[in-house]
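Trainee: Could we go through this chain together, beginning with its elements and ending with its pocket?

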Amino acid sequence: MEQMTPSQLVKAYIALREKKAALKKQYDEQVAAIESAQGKVEAALLSAMTEMGVESLRTENGTAYVTLQTSVTVADPDAFKEFCLRQDDPFEFVDVRASKSAVLAFKEATGGDLPPGVNYRATRAVNFRAS
């Protein structure tokens with residue numbers, strides 16, 4: 001690599017990136033097919049277990065068991081904020097994480113200062129664009 005010109009290095013990097021993308025696409029397609037098949041097996045077994053009235057099912061090949069999977073998302077941010085602010089502990093219903101865009105804007109506006117309790121890291125990297 002030390003003998004290569006910058007142009008050759010860029011060409012090599014872009015070729016490697018394209019090969020990686022092709023492999024990832026192939027992998028993602030294969031995994032999607034497997035996940036689809038798994039979903040069908042899960043649905044069939046869940047249906048059978050529901051009909052049998054059981055929460056777990058031991059077989060010679062392994063055990064299947066039912067769990068309750070939950071998801072919580074915010075449908076109306078303004079209503080949620082108002083609700084949180086009316087609570088004794090307004091942070092009880094939220095996770096704390098820094099907004100990258102707000103922190104960067106604050107950093108720029110204050111000449112490099114950060115809000116208290118926030119870490120900041122910047123790393124130089126080289127990027128490539130095909131011509």
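Mentor: Helices (H or I, at least four residues) and strands (E, at least two) are DSSP runs, numbered from the N terminus. This is a predicted model, in which local features need pLDDT of at least 70 and side-chain atom pairs count only at pLDDT 80 or more, while totals for chains, interfaces and linings use all residues. Residues are numbered from 1 along each chain as its sequence is written, and side-chain values use heavy atoms, with hydrogens and water left out.

Trainee: Is Leu-104 buried, partly exposed or exposed?

Mentor: With a 1.4 Å probe and protein chains only, buried means under 20% relative accessible area and exposed over 50%, with partly exposed in between. Leu-104 has a relative accessibility of 34%, and therefore counts as partly exposed.

Trainee: In what order do the elements of the chain run?

Mentor: The secondary structure comes to three helices and two strands. Read from the N terminus on, the order of these elements is α-β-β-α-α.

Trainee: What span does helix H1 reach from its first C-alpha to its last?

Mentor: Helix H1 takes in residues 6-52, which is 47 residues.

Trainee: Which residue just after H1 takes a positive phi?

Mentor: The phi in question is about 70 degrees, and the residue that takes it, just after H1, is Gly-53.

Trainee: Which element gives the most to the lining of the largest pocket?

Mentor: On a 1 Å grid over the protein atoms alone, a pocket is an open set of points where a 1.4 Å probe fits, with protein on both sides within 12 Å along at least five of seven lines, and lining residues have an atom within 4 Å of a point. The lining of the largest pocket includes Val-41, Glu-42, Tyr-65 and Gln-69. Two or more of the lining residues come from each of H1 and strand S2 (62-65). The element that gives the most, with six residues, is H1.

Trainee: How far apart in space are Leu-104 and Arg-129, C-alpha to C-alpha?

Mentor: In sequence, Leu-104 and Arg-129 are 25 residues apart. In space, their C-alpha to C-alpha distance is 26 Å.

Technical notes. The expected span of a helix is 1.5 Å times one less than its number of residues.
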